[in-house]
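Below are some questions and answers on strand pairing and on a chain contact. Look over the structure before reading on.
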Amino acid sequence: MTTTTAMPTSQRRAAELNVITRKQRSLWGDALHRLRRNKAAMFGVVMIAIAAVLAIFAPMIAPYDPIQQHTADSLADPFFSNSQYSNPAYPLGSDQLGRDILSRLIWSSRVSMVVGFVPTALIFIVGITVGMLSGFHGGRVDNLLMRFTDIIYAFPDLLFLIIIMANLRNTPAGDLMGGLVLMFVAIAIVNWVGLARLVRGQVLSLKEKEFIEAARAVGVKPGRIMAKHLFPNALAPVIVSMAFAIPSAILAEATLSFIGIGIKPPTPTWGVMINEGFVVFSATPWPVILPALCISIVMLSFTFVGDGLRDALDPRMKI
Amino acid sequence: MALLEVNDLHTQFFTRDGTVKAVDGVTFEIAAGETLGLVGESGCGKSVTALSLMRLIPMPPGKIVKGSVVFDGQDVTKMDDDDVRQIRGNNIAMIFQDPMTSLNPVLTISRQISEALELHLKMDRGESRKRTIELLELVGIPSAAKRLDDYPHQFSGGMRQRVMIAMALSCNPKLILADEPTTALDVTIQAQILDLLKNLAREFRTAFILITHDLGVVAGMTQRIHVMYGGKIVEKADTGELFANPKMPYTWGLLRSIPRLDERRKGKLLPIEGLPPDLIAPPPGCRFEPRCQYRHEICREKPPELLPIPNAKPDHEARCWGTQAGGWLVDIDWRRDIGDTKQLEEIKQEVATLPPEAIRAATADVPPPPAAQR
């Protein structure tokens with residue numbers, strides 16, 4: 001017999017009456033469900049989670065102090081290199097000053113995570129505020145904000161970062177938290193413009209929608225329309241863009257540290273490690289390869305998550 | 001005293017191509033508890049009139065340039081923004097045309113309905129939830145308490161329109177503007193929604209302005225009907241009178257173009273020939289003159305006024321030279337006399353020679369987009 005007849009009468013009756021018996025599912029719940037089924041994105045999430053755990057518990061996990069020098073054991077090779085210079089005390093080897101590379105890699109993830117998330121939060125706040133105001137009010141406000149945005153947008157990103165970092169690095173502002181604060185601000189200044197434009201575009205199209213007019217017709221105030229009606233509708237592309245902003249911030253930090261104007265040594269970061277490893281590159285490539293690999297994996301993970309989020313939040317969007 | 005008095009309302013849109021006189025001197029009033037139909041084809045200014053009443057015209061490019069909208073003794077056009085917001089949703093509510101796009105897709109039904117309750121009646125979450133359930137039951141949504149936290153995409157079109165109606169009713173408004181509330185729905189759902197509106201209007205003694213292009217919709221719903229054409233009201237009458245004894249050739253055209261069950265003839269449906277007027281540069285005389293097969297010379301020269309008609313009920317008015325005292329249309333039987341066929345041919349000819357862009361522009365449903373302003 002069919003399953004329908006096997007169902008208890010009350011349940012069947014409910015189904016017939018079209019009473020909702022299935023589980024509630026919100027838009028975000030749907031998106032999460034789609035994200036969960038995306039293998040690459042889940043790989044990314046796991047990798048990021050590992051990196052986050054390493055960053056948070058670095059002092060407990062790292063076998064050595066990352067800036068402690070063991071000059072007798074300098075330039076050890078990692079255990080898998082089959083080299084005569086590998087040293088079991090330093091599983092991933094040591095650099096030219098005898099600092100444990102594994103410990104330095106673990107500690108570096110702290111900087112990368114912080115540099116990934118803090119400037120992104122700043123970008124989020126500034127970009128959304130500017131984009132919302134600009135798109136919603138239009139007219140003169142829009143013109144003013146967007147021309148300002150265009151000016152910053154027109155400037156080459158890396159050049160801008162280099163100018164800020166190179167000039168302000170040795171001022172008191174550049175010394176806050178080993179240069180981290182300056183780095184946050186510099187990355188945020190360069191990157192908020194893209195988000196502001198994205199949000200403005202979203203708001204421009206959304207504010208003509210009928211449900212916004214319906215909200216107006218109910219007497220909702222403009223501020224509340226922006227916060228409650230426009231913002232949640234514009235959120236999906238914003239989240240995607242944030243997911244891509246994080247790796248680009250991490251890369252910016254690595255780039256700046258690599259050319260020597262980022263985070264100040266001895267604070268270990270992957271960029272700093274590559275920079276220092278470069279000096280001994282002809283002797284052994286590992287001090288460069290290992291941190292570079294870490295950057296690649298983290299970047300790739302965030303990109304996977306970003307792609308996954310984009311597919312999950314807007315299945316129709318094709319890029 | 002009337003609940004709402006609209007006096008010589010002019011709403012215009014200032015676009016790159018010129019000033020669109022979307023509403024051009026509209027005057028009407030509606031008493032508490034009354035239902036009024038506003039009928040006319042696309043682009044005749046019905047919706048803009050409704051939006052003007054709540055000051056929802058997008059500014060720029062739109063502007064109410066003249067006239068007053070007196071609601072409950074206060075002129076809406078002269079209020080500051082905060083006071084207008086107090087009226088919106090609270091005293092005047094609106095039901096929009098397309099329920100598929102008029103609900104915010106990321107908010108639950110309960111959040112959207114309770115928004116007005118919390119805003120105007122200062123209810124807290126719990127109270128507004130309770131009231132929302134009542135409202136949803138009132139508009140006939142089954143197992144309302146369970147569907148409260150559903151999102152709009154989980155509702156069908158007819159159900160969404162019920163939600164929109166619940167939203168409009170939430171604060172017990174004195175006046176509800178229903179802008180083509182059934183256009184986006186299929187016929188059986190249309191009938192349900194119209195029934196619902198009719199019952200609610202009776203039950204709550206809410207005044208209704210029903211805006212539609214479908215004379216069939218207003219027939220059973222309203223007490224009075226105003227026919228609009230080219231931004232002006234061209235005929236006012238109570239509903240029975242308008243269907244029994246229409247006077248304005250445009251109204252005849254509308255009536256001829258809808259199928260009737262009780263039609264005796266096997267005659268064809270007759271469309272109104274020609275195109276609606278360009279509201280940037282409307283015809284100098286009667287707005288309908290270019291499409292009217294009953295036209296005389298005077299129609300082209302001078303715009304007629306909205307005046308009572310000699311052999312009709314006293315509150316029956318039309319904006320037509322032919323129906324004024326001594327006019328050539330006063331005693332005509334509109335069902336038999338379809339006017340001057342030669343002029344009809346002329347009108348057809350005129351349209352046939354128009355470039356396709358002009359036709360597309362004239363039949364476009366929407367007013368020029370705001371983007372055209374710069």
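Two strands are taken to pair if DSSP finds at least two bridges between them. The model is predicted.

Q: Over how many bridges do strands β1 and β4 of chain B pair?
A: Strand β1 of chain B covers residues 4-15, and strand β4 of chain B covers residues 62-71. Within this pairing, Thr11(B) has Ile64(B) as its bridge partner, and His10(B) has Lys66(B). The two strands pair in the antiparallel sense, and the count is 8 bridges.

Q: Which residue in β5(B) is the bridge partner of Val70(B)?
A: β4(B) and β5(B) run antiparallel and are joined by 2 bridges. They form a hairpin with 2 residues between them, and in the turn Asp72(B) has a positive phi of about 55 degrees. The bridge partner of Val70(B) in β5(B) is Asp75(B).

Q: Which are the edge strands of the open sheet in chain B?
A: The sheet has 4 strands in the order β2-β1-β4-β5, with antiparallel pairing. An edge strand here pairs on one side only. In chain B these are β2 (18-30) and β5 (74-75).

Q: Which helix gives the most to the side of chain B that touches chain A?
A: On chain B, 25 residues are in contact with 19 residues of chain A. Helices α2 (81-87), α3 (109-120) and α5 (144-147) of chain B each supply at least two residues of that side. By class, the side has 10 nonpolar, 8 polar and 7 charged residues. With 4 residues, the element that gives the most is α3(B).

Key
Residues are numbered from 1 along each chain as its sequence is written. Chains are lettered from A and ligands numbered from 1 in the order in which they are written. This is a predicted model: local features need pLDDT of at least 70, side-chain atom pairs count only at pLDDT 80 or more; totals for chains, interfaces and linings use all residues. Two residues are in contact if their C-beta atoms, placed from the backbone, lie within 7 Å. Ala, Val, Leu, Ile, Met, Phe, Trp, Tyr, Cys and Pro count as nonpolar, Asp, Glu, Lys and Arg as charged, and the others, Gly among them, as polar.
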